[in-house]
Amino acid sequence: MGSTALGGGAPAPVGLAPKNGVFGSNLKQCNGFRLKTTVKVGSSSVRVRASVASSPQKQHSPKTSGVKSGEEVRIAVLGASGYTGAEIVRLLANHPQFRIKVMTADRKAGEQFGSVFPHLITQDLPNLVAVKDADFSNVDAVFCCLPHGTTQEIIKGLPQQLKIVDLSADFRLRDIDEYAEWYGHSHRAPELQQEAVYGLTEVLRDEIRNARLVANPGCYPTSIQLPLVPLIKAKLIKVSNIIIDAKSGVSGAGRGAKEANLYTEIAEGIHSYGIKGHRHVPEIEQGLSDAAESKVTISFTPNLICMKRGMQSTMFVEMAPGVTVSDLYQHLKSTYEGEEFVKLLNGSSVPHTRHVVGSNYCFMNVFEDRIPGRAIIISVIDNLVKGASGQAVQNLNLMMGLPENTGLQYQPLFP
Ligand SMILES: NC(=O)C1=CN([C@@H]2O[C@H](COP(=O)(O)OP(=O)(O)OC[C@H]3O[C@@H](n4cnc5c(N)ncnc54)[C@H](OP(=O)(O)O)[C@@H]3O)[C@@H](O)[C@H]2O)C=CC1
Ligand SMILES: CC(=O)N[C@@H](CCC(=O)OP(=O)(O)O)C(=O)O
């Protein structure tokens with residue numbers, strides 16, 4: 001039970017040298033840009049600007065991987081006026097190589113970023129522009145922080161060699177029919193879906209390293225798959241009877257005004273939602289089924305709790321015959337031994353959301369159930385960091401050949 005169940009091992013080596021003095025093995029993708037691409041967003045069409053390469057010498061050569069230590073990687077943040085976009089900006093303030101060159105917004109296009117997010121006013125940043133006015137000619141990589149449903153068409157219109165980490169749900173489900181069933185419309189970029197790699201870093205590190213388009217996991221799926229995937233792979237728990245109760249802070253719902261998220265609607269209480277079927281169910285089941293190599297179904301109820309950030313997932317599982325809670329603990333311990341961002345707590349310490357706020361950590365622990373043969377697993381993350389923007393930075397670090405913890409060594413903010 002000592003060996004790791006995950007696909008990666010140690011973080012990427014520091015400062016990978018570029019191959020043959022050029023940037024990376026994906027250079028074959030650098031075939032110049034389309035001049036302008038029409039992108040359908042909702043009911044309207046927008047035009048995405050990109051530079052044209054009139055001759056091979058003049059081609060813009062985005063850095064695609066293997067950047068040198070100290071070398072600048074030029075970043076676009078789409079949806080920078082939202083919560084996950086702002087969190088990308090906050091995290092990159094401490095990143096030695098990722099430099100933000102383009103920031104987009106929708107309603108807030110034309111505004112200064114510091115007036116939209118005064119807590120980040122000290123950062124020297126470009127103004128917010130509409131996606132149609134964004135110039136991607138001096139960009140190497142994109143963080144796409146847009147609502148699901150808007151992202152497939154927008155990404156389709158971007159220069160094809162850009163590295164992209166998409167924080168929305170638009171590319172997470174491999175089966176486009178399942179996507180249509182859960183998201184209420186047919187997939188608008190099935191060809192891109194085929195190349196998308198699911199971005200659960202600790203599980204799919206090797207695939208992410210070589211990806212161009214990464215579908216960053218949802219916050220609930222991150223907090224649930226990190227403990228359950230290794231236990232399922234090692235066949236330590238039964239897959240027939242997994243019950244998950246999860247709780248999210250309100251920032252999980254984004255910054256857009258919604259009546260259901262008014263202070264008066266959510267303060268001093270907790271309520272469940274998506275009880276019959278939350279759209280994260282197929283995403284979680286996809287990951288757990290991959291681990292089990294057979295179809296896994298779960299019972300999952302999310303709850304909205306009156307806090308700004310944080311997420312707790314409590315997982316009730318039945319152990320395989322002869323397996324003890326100590327076996328589960330030891331397996332998770334050895335699995336995550338070398339991992340910087342996933343920590344199994346000692347002894348009977350209970351993971352608290354307040355102990356991970358502002359950080360890229362997932363804390364977890366395993367407990368005896370009163371009922372013999374069952375165990376209770378608790379994991380906590382900051383939904384905006386490990387559940388979104390932190391994991392996104394971790395993934396782009398890997399995709400650019402940088403150490404995956406670059407710029408992410410923020411300790412939690414407590415009290
Ligand atoms: N919040 C969280 O904890 C998590 C969120 N995610 C996912 O990340 C994505 C972003 O979430 P979050 O930051 O919370 O969302 P927000 O609602 O806070 O921000 C959305 C951003 O997208 C822009 N936008 C909205 N509609 C359009 C459009 N039609 N075209 C172009 N831009 C548009 C908004 O601009 P403007 O404000 O100017 O209108 C804003 O910048 C979502 O897909 C979400 O599901 C994933 C994991 C966790
Ligand atoms: C509190 C809250 O509303 N949370 C969101 C999930 C946030 C997230 O991870 O959403 P994506 O899958 O879109 O990335 C929800 O339940 O829909």
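Guide: A polar contact is a pair of N or O atoms within 3.5 Å, where one must be able to donate a hydrogen and the other to accept it. In this predicted model, 14 residue pairs with both partners at pLDDT 80 or more are in polar contact between domain 1 and domain 2.

Visitor: Which residues belong to each domain?

Guide: Domain 1 covers 19-217 + 388-399, and domain 2 covers 220-382.

Visitor: What makes the pair R172 and E283 a salt bridge?

Guide: The rule asks for a side-chain nitrogen of Lys or Arg within 4 Å of a carboxyl oxygen of Asp or Glu. The closest N and O atoms of R172 and E283 are 3.0 Å apart, so the pair qualifies. Across the interface of the two domains, the rule finds four salt bridges.

Visitor: How much area is buried between domain 1 and domain 2?

Guide: About 2,200 Å², with carbon and sulfur atoms giving 48% of it. On the domain 1 side, Y83, W182 and E202 lose the most area to domain 2, together 27% of what that side buries.

Visitor: Why are β3 and β4 called paired strands?

Guide: Pairing takes at least two bridges. Five bridges join β3 (residues 73-78) to β4 (residues 98-104), so these parallel strands count as a pair. Within them, V73 stands opposite F98.

Visitor: What is the strand order of the open sheet?

Guide: The seven strands run β5-β4-β3-β6-β7-β9-β8, with parallel pairing.

Visitor: Why are β5 and β8 at the edges?

Guide: β5 (128-129) and β8 (197-198) each have a single partner strand, so one side of each has no neighbour in the sheet.

Notes. Residues numbered from 1 in each chain as written. Chains lettered and ligands numbered in written order. Predicted model: local features only at pLDDT ≥ 70, side-chain atom pairs only at ≥ 80, totals over all residues. Heavy atoms only, no water. Helix = DSSP H or I, 4+ residues; strand = E, 2+ residues; numbered from the N terminus. Domains from an automatic or database assignment. Buried area = accessible area lost by both parts, 1.4 Å probe. Polar contact = N/O pair within 3.5 Å; in protein donor to acceptor, adjacent residues only side chain to side chain.
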